[in-house]
Amino acid sequence: DIDGVTRSGYLDEEGRTVLPFAYANAGEFAPCGLAAVEDEKWQTAVIDREGKLIVDYTESPVSVDFSDSMIAYRYADHSVYYTLSGTKLGSYPGAEGFFEDGLLLCRNAQTGRYSFVKEDGTAAFAAEYAAAGAFSDGKLSLSYEVGGDLPSLIGEEFAQELIHYTDKIYLEFGADPHVCLLYTSPSPRDP
């Protein structure tokens, strides 16, 4: 308590001040070595363990999340992403999670559907999905039964034919031929 104002700072394990009590609020350090802090105007910044500003003070988000390679400022309708060195990557409406394999899962607030975007904000695929998880390790669905309205528009059989056609192209360009199944039915690659 300084002059009747509560301040936050950082102490080491022996109770010695490591970073001064200069923050209106201070979060714990994430495994990546960064922490979110707030000033007396309730603006948020990200600092490293030496107190150096990584992301300058800006409008406070709902939360600040850290991954092993990124920082995400989560607002009600969008997220702003930064590298761990503080370089702003961009603002993404409806963003969920972090970029995986260069793609970010985003939910369209108007339709409730999901899509994947690249770091430059452009759509990774010309489709939206009723349900989706984070794109990871180059994996995608090989069944018309998972996500999207395409089967209802063009028919289930034709949709599956298109999936097989697309998968064949992926395989020609070196995709992993191993298929992991979520169901006990035959492999989607079986004719």
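Two strands are taken to pair if DSSP finds at least two bridges between them. Strands (E, at least two residues) are DSSP runs, numbered from the N terminus. The model described here is predicted: local features need pLDDT of at least 70, side-chain atom pairs count only at pLDDT 80 or more, and totals for chains, interfaces and linings use all residues. Residues are numbered from 1 along each chain as its sequence is written, and side-chain values use heavy atoms, with hydrogens and water left out.

Three strands form an open sheet in the order E11-E12-E13, with antiparallel pairing. E11 and strand E13 (114-117) are the edge strands, each pairing on one side only. On average, neighbouring strands of this sheet are turned by 20° against each other, direction ignored; axes are lines fitted to C-alpha atoms, and angles run from 0 to 180 degrees between N-to-C directions. E12 and E13 run antiparallel and are joined by four bridges. Within this part of the sheet, Cys-106 stands opposite Ser-115 in E13. In general, strands of a sheet pair through backbone hydrogen bonds, either parallel or antiparallel.

The loop between strand E11 (95-100) and strand E12 (103-107) holds Asp-101. Although Asp-101 is not a glycine, this residue has a positive phi of about 55°. Asp-101 has a relative accessible area of 45% and is therefore partly exposed, a class that lies between buried (under 20%) and exposed (over 50%), with a 1.4 Å probe and protein chains only.

A positive phi is also found at Trp-42, about 60°, although Trp-42 is not a glycine. Trp-42 lies in the loop between strand E4 (34-38) and strand E5 (44-48).
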